[in-house]
Amino acid sequence: MASKERNVALCIIFSIITCGIYGLYWFATITDDLKAISGDDQTAPGVKAVIFTIITCGLYGIYWIYKRGENMDTITGKTNTGVIYLILYVLGLSIIPLILMQLEINKHA
């Protein structure tokens, strides 16, 4: 499955307009796109990741954000991206890692 380039500004606007529903879709697509780009076979598919996050009241989201940062390390060759994403997530800035991930996905689309 090839990743699709998405307009980050529109993703943010649609997430706001739909009261977060589009954000869940965006979350799922980022999961699937990063899985495809990084070759990660261990990650749950996007829909399952969203469901796990909802039923664990966001706890799976903490794990997810860290693991997607590790995927980004694999793709970009950088280190500690997962820790940076985790800190942003805990500080309530969870949209920032999504934006950074989407920008990197767009480079590989």
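# Pockets and packing in a predicted model

The lining of the largest pocket divides into 10 nonpolar, five polar and no charged residues. Ala, Val, Leu, Ile, Met, Phe, Trp, Tyr, Cys and Pro count as nonpolar, Asp, Glu, Lys and Arg as charged, and the others, Gly among them, as polar. The model is predicted: local features need pLDDT of at least 70 and side-chain atom pairs pLDDT 80 or more, while totals for chains, interfaces and linings use all residues. Residues are numbered from 1 along each chain, and side-chain values use heavy atoms, without hydrogens and water.

**Exercise 1.** Describe the second largest pocket.

*Solution.* 
- Step 1. The volume of the second largest pocket is about 190 Å³.
- Step 2. Its lining consists of M72, T76, K78, T81, I84, Y85, L100, L103, E104 and K107.
- Step 3. α4, α5 (81–90) and α6 each give two or more of these residues, and α6 gives the most, with four.
- Step 4. By class, this lining has five nonpolar, two polar and three charged residues.

**Exercise 2.** At what angle do α4 and α5 pack, and which residues make the contact?

*Solution.* 
- Step 1. The angle is about 145°, and the axes are 7 Å apart. Axes are lines fitted to C-alpha atoms over the stretch in contact, with angles from 0 to 180 degrees between N-to-C directions.
- Step 2. From α4, the contact (heavy atoms within 4.5 Å) takes in G61, I62, I65, Y66, G69, E70, M72 and D73. From α5 come T81, G82, V83, Y85, L86 and Y89.
- Step 3. Sorted by class, this contact has eight nonpolar, four polar and two charged residues.

**Exercise 3.** Is Q102 buried or exposed?

*Solution.* 
- Step 1. Q102 lies in helix α6.
- Step 2. Q102 is buried because its relative accessible area is 0%, and buried means under 20% with a 1.4 Å probe and protein chains only.
- Step 3. Not counting residues up to four places away in sequence, Q102 touches K4, R6, V8, W26 and I30.

Key:
On a 1 Å grid over the protein atoms alone, a cavity is a set of points where a 1.4 Å probe fits but cannot get out, and a pocket is an open set with protein on both sides within 12 Å along at least five of seven lines; lining residues have an atom within 4 Å of a point. Grid points are joined across faces, edges and corners, and a volume is the space filled by probe spheres set on the points. Buried means under 20% relative accessible area, exposed over 50%, partly exposed in between (1.4 Å probe, protein chains only).
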